[in-house]
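Here is a colleague's note for someone opening this structure for the first time. Please read the points alongside the sequence and the 3D view.

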Amino acid sequence: MTISRRTFLGSTAAVTALAALPISTSQASAASPVGDVVGKITVGYQGWYACIGDGAPINTWWHWSQDASQPPSTTNNNNIKAWPDMREFTKGYPTAYPNLGNGQPATLFSEYDSQTVDTHFLWMSQHGCDTAALQRFNPNGSEGPTRDAVTAKVRTSAEAHGVKFYIMYDATGWTSMQSEMKADWTSKMSAYTASPMYARQNGKPVVGIWGFGFSDGNHPWDAGTCLDVINWFKGQGCYVMGGVPREWRVGGAGTRTGFIDTYHAFNMISPWMVGAIGTAAESDNIYTTINVGDQADCNANGIDYQPCVLPGDVSGRQRAHGDFMWRQFYNMVRVGAQGIYISMFDEFTEGNHIAKSAESSATTPANSGMLALDEDGTPCSSDYYLRLTADGGRMLKGQIALTATRPTPPVVGGGDTQAPSVPSGLHATAHTATSVSLAWTAATDNVGVTGYRVFANGSQVGTSAGTSFTANGLTPSTTYSFTVTAQDAAGNTSPASTAASVTTDAGGNTNLALGRATAESSHTQSYGSGNAVDGNSGTYWESANNAFPQWLQVDLGASTPVSRIVLTLPPLTAWGARTQTLNVSGSVDGSTFSTVVGSAGYRFDPATGNTVTIPVPAGSRRYLRLTFTANTGWPAGQVSEFQVYA
């Protein structure tokens, strides 16, 4: 898979222990005085969400759906990692998702709607987001007119709420970038510098360029071509910010060689950190191995340093109720950074958004597998990461002291403090070798119960808006102790229920598919079907991209009774959580197949080993085939290990 802003960029070096890290005692000297990006918090603003019916020229579910002609659903999901909090928008567009846990319709916003953009910029103004970098991808195709319209709406809202903005070109996949980016600035975008809210630094209008130097097919230009574009914008009187690989200075797999002079041509450098870090400890490691040296290099070359800070992927359970993001703020302020770039404001398809989003299962679509801000058991208000950004900005500006202790509470105090009653009557309604179905009697609350958390042996295994839940991916012949707690809208949590002890059924322990013959509809590069039965979790099958449906098949050698299928993806943090939609069919002769398990979405999560277990109804089959129709993490079917058990 090639590198893009839609995917993880790779793993970091070994993590350094927190206690061993040095603490800077002085700020680095800035190359530029405080302006609209130096000394300020800048947020990346995608502006790329639209809905059918909103009047946008593109007339699709832009970035919400895999099949953009159809409304998003659990099986037509363009990698939505979290659900936006829709309560402050005057218009929401109905989707095909189930209702939210609280019974309300599952609607989404359109950034072609002026009110949506205006609400977003109001939130920026209220929470210390000084400047918005509007992302501008290649505008010369069908997306162009909608992107142009959104740019105008951004200007209007920025001026209404006193938030600075600037154009940030993303060169990803832009074949004729060198000439077309210049033409777009000259003919369209330069006119926006007339706005009193267009960001300026050192008296010059700011322009961002993201994507030079990345070592993949979506960013193919040589150093000279990129240097020409940077110098052209500087010749137009612009202050040029560059979004660059995290290895821009030290070298490595993420950056092309021979680019150091090109990188040094930027007025400001902002290394991309999405995918490089996912924990506070990894942020500390990057601080030591990357940021300290980056800051020194920028100081020596008169360049402003603006590292990324990200809240973390909700679906990857990275956020740690704000501790992950705050550690980054602490590290970037103590390194002496001239500014901070938040990745991103409204990136719901990457999960790294700070915009208001669902607090609990009550405000996410029921049975969607989507996580909310309380996924680690700590209630968080929907505006929490905006409030955290505001405090990070205050620390950057010296308005509060440098502190490694997060000052921002996940939920603002006051209001309802009464916890729900304890759920009662927890019991198993069914069980297999790898799953247990549970039910219980509803809890009560003075305001209202919004959902339940389910625990197995003390660890949370899921949430439910109702009074039932099925725990999957369990181990055969194993006893589990289940408990349930109830939550309300204020984040109050009941004590745990009385435990229900359940033992899973016995299951075969021999992988019948290991080393067997395989077949496939297609594969890309070297990711052939044999990788799925080689016993190596680090290799995988990947079908042709953007060509669903796709299938993967194994021949067991003879008709065999089968009880379950176990599918895995590489258990690496670089593989973000994703839901793949597939069905299972079987055959005794390899030519006539019948459905064994109907189409359903299965969530692969690195936090739980990137493993999915599919119970199979009784019967004997020689051939088993998986047919994939959707994948929220990549536009192809993906399997590391296709395991079959008797």
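**Notes on the model**

1. Thr-627 is buried, with a relative accessible area of 18%; buried means under 20% relative accessible area, exposed over 50%, and partly exposed in between, with a 1.4 Å probe and protein chains only. Thr-627 sits in strand E27, which covers residues 620–631. Leaving aside residues up to four places away in sequence, Thr-627 touches Pro-549, Gln-550, Trp-551, Thr-581, Leu-582 and Asn-583, where contact means heavy atoms within 4.5 Å.

2. On the basis of the note: this is a predicted model, in which local features need pLDDT of at least 70 and side-chain atom pairs count only at pLDDT 80 or more, while totals for chains, interfaces and linings use all residues. Residues are numbered from 1 along each chain as its sequence is written, and side-chain values use heavy atoms, with hydrogens and water left out.

3. The peptide bond from Phe-548 to Pro-549 is cis, with omega near 0°. Pro-549 belongs to the loop between strand E21 (541–542) and strand E22 (550–561).

4. A cis peptide bond also joins Ser-343 and Met-344, with omega at about -5°. Met-344 is in the loop that runs between strand E12 (340–342) and helix H8 (384–396).

5. The secondary structure comes to 8 helices and 29 strands. Both are DSSP runs numbered from the N terminus: helices are H or I with at least four residues, and strands are E with at least two.

6. Of the 646 residues, 57% count as buried. The protein exposes about 22,500 Å², with carbon and sulfur atoms supplying 51% of that area; accessible areas come from the Shrake-Rupley method with a 1.4 Å probe, and for residues only the protein chains shown count as cover. Among contacts with a separation of 6 or more, residues 24 or more positions apart account for 74%.

7. Next, the charges. The protein has 36 positive and 47 negative charges, and their mean positions are 2 Å apart. Lys and Arg count as positive and Asp and Glu as negative, while His and the chain ends are not counted. The place of a charge is taken as NZ of Lys, CZ of Arg, CG of Asp or CD of Glu.

8. Side chains of opposite charge can pair when their charged atoms come close. The count here is 23 salt bridges, a salt bridge being a side-chain nitrogen of Lys or Arg within 4 Å of a carboxyl oxygen of Asp or Glu.

9. Which parts does the pair of Lys-182 and Asp-228 tie together? Their side chains meet in a salt bridge at 2.7 Å, N to O. Lys-182 lies in helix H3 (residues 177–187) and Asp-228 in helix H4 (residues 223–235), so the pair links parts that are 46 residues apart in sequence. Lys-182 counts as buried at 17% relative accessibility, whereas Asp-228 is partly exposed at 31%.

10. Glu-143 and Arg-147 form another salt bridge through their side chains, at 3.0 Å, N to O. Glu-143 is partly exposed, with a relative accessible area of 25%, while Arg-147 is buried at 6%.

11. The side chains of Arg-387 and Asp-383 also meet in a salt bridge, at 3.1 Å, N to O. Arg-387 is buried at 13% relative accessible area, and Asp-383 is buried at 18%. Elsewhere, salt bridges that share partners join Arg-136, Asp-148, Asp-184 and Lys-188 into one network.

12. Two residues with positive phi remain to be checked. Asn-59 is not a glycine, yet has a positive phi of about 50°. Asn-59 lies in the loop between strand E1 (41–45) and strand E2 (93–94) and is partly exposed at 47% relative accessibility. Arg-317, also not a glycine, has a positive phi of about 55°. Arg-317 is in the loop between strand E11 (308–309) and helix H7 (323–335) and is partly exposed, with a relative accessible area of 33%.
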